[in-house]
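This report covers side-chain pairing and helix packing in one model.

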Amino acid sequence: MLDPLAQAEQSRPNSPALLLPYFAHLGAHYAEYSFARLSRIAALLAAGLVSAGVRPGDRVALLMDNPHRAVELIHAAIRARAVVVPLNSRLTADEIRYQIEAAGCLILLCDNAHEAMALEAAGGARVFNIARTPRSVAPGLPDDDHFSGAAQDYAAVDIDPAAVQAILFTSGTTGRPKGAQITYGNWLAGAKASAERIGARAGDRWLLSLPLYHVGGLSMLFRSCVDRSALVVGPPTRDLQDLAQTIDASQVTLISLVPTQLYRLLEMGFQPPESLRLILLGGAAASSDLLKRCCDLGLPVGTTYGLTEAASQVATLLPDDTCRKPGSVGKPIGQTRVRVVGAEGELCAPGEIGEIVVTGPTVMKGYLGAPLVDPRTGFHTGDLGTLDADGDLWIVQRRTDLIVSGGENVYPSEVENVLKSHPEVADACVVGVPDAEWGQRVAAMIVRREGSALDQSDLTAYARGRLAGYKVPRVIVFVGELPLTGSGKVRRSDVAQALSEL
């Protein structure tokens, strides 16, 4: 099987693959990559990766915020048959180093903005700053004269659907982040199933609004190739004014957002262009108030449930049904199957809450260093949900105790370990509390050591030096002791209730 970009190039070489909008006083302008042009760039960069020592199966980490360069490099890594490990640029050096070492990355590619962090976090990986590498692939290039020599060997490659294409680190409820091994087959099955559910139309433009270290962002590269749609790659910024301007000026037709982004856009008075046919809302639970507001405004919002471990989408509900069944995430897509099971593995009756188990071709190969996922039994998500009589899925709670803040996963145990490492902290419990903007805020209940005068500002500063900003508790309360169960475990529900009432 040819790599996805090569297939898209063969069928529609001149169709737009990437649109890079920029704005001037006369309006919006674009640097446009056709599938053929993007394919040539990927081939040139692949030749460069191989000359730098990358071999098939090697793991190459990416640390950058420039999305269009990351898109080029991901396709280049595919042509070099390397495994991509996208890194969250918001993490600390220690957090990044752990992921590089856990994945066994030999090379770390970065840009100017992240070179210092890359050098600090690289460990045994070699660091290459792509901005300092001579480029024959700057905007406007390459042309046919540049496409020669070794690059011709990477004009297209055969891929094995069972081969791992990416390792994405995802949060859990215990221990360190886990590296989910996603295969080419996972991505392609998910892209085809997504297109079947939401439709693929000529001229579709997906806004790449999620970072490429998120499964929702990376999956869009494969969707674009499968349904021959264009990715609109906005400026590398989290400014929602820029996002809104890009949606409007670029006549975007489809966009994936987390609830926090949509909430903020609406608060800004955002009015989507007529071209926008779907806002795919996922990454965290959308509040009933937000969904009602969208329905009242006539916004084409579809709710979706997805997992890193299932190459993004698992189930999706289209806009008409979102307003009819607010809170549901719809039926599984494609060949994905969902069942809800009880404590002993028995199937739950419609309306009965249990653990969500996912099977099908989108389910990952397995976590790094862990047994492979058995395709017969599927992936046990740890999420709680229920299937109704129509077969539509309802999410009751994302992974037990997991906090989802602004679409970012935060697992309490990691934050608790950092807080407890402070010499004046005797005990700590971290939970998520509801927040209209973020979905959840990280909150902590702290027991000081005897005689300590530790205050919130000191503990916050301590945490900021050891955790990504979105993991740092926004609410900190000091107590004499934590509420415990009869067996001596922290009663997390009582902590969450107490902190939610503040």
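Is Lys325 buried or exposed? Lys325 counts as buried, at 10% relative accessibility (buried is under 20% relative accessible area, exposed over 50%, partly exposed in between, with a 1.4 Å probe and protein chains only).

## Basis

The model is predicted: local features need pLDDT of at least 70, side-chain atom pairs count only at pLDDT 80 or more, and totals for chains, interfaces and linings use all residues. Residues are numbered from 1 along each chain as its sequence is written, and side-chain values use heavy atoms, without hydrogens and water.

## Salt bridges

There are 20 salt bridges, each a side-chain nitrogen of Lys or Arg within 4 Å of a carboxyl oxygen of Asp or Glu. Lys325 pairs with Asp392 at 2.6 Å, N to O. The two are 67 residues apart, Lys325 in the loop between helix H11 and strand E15, Asp392 in the loop between strands E19 and E20 (helices, H or I, of at least four residues and strands, E, of at least two are DSSP runs, numbered from the N terminus). Asp392 is also buried, at 3%. A salt-bridge network links Lys325 and Asp392 with Lys331, Asp388 and Asp390.

Within helix H4, Arg97 and Asp94 lie three residues apart and form a salt bridge at 2.8 Å. Arg97 is partly exposed at 22%, whereas Asp94 is exposed at 52%.

## Helix packing

Helices H9 (residues 259-267) and H10 (residues 288-297) pack at about 50°, with axes 11 Å apart; axes are lines fitted to C-alpha atoms over the stretch in contact, and angles run from 0 to 180 degrees between N-to-C directions.
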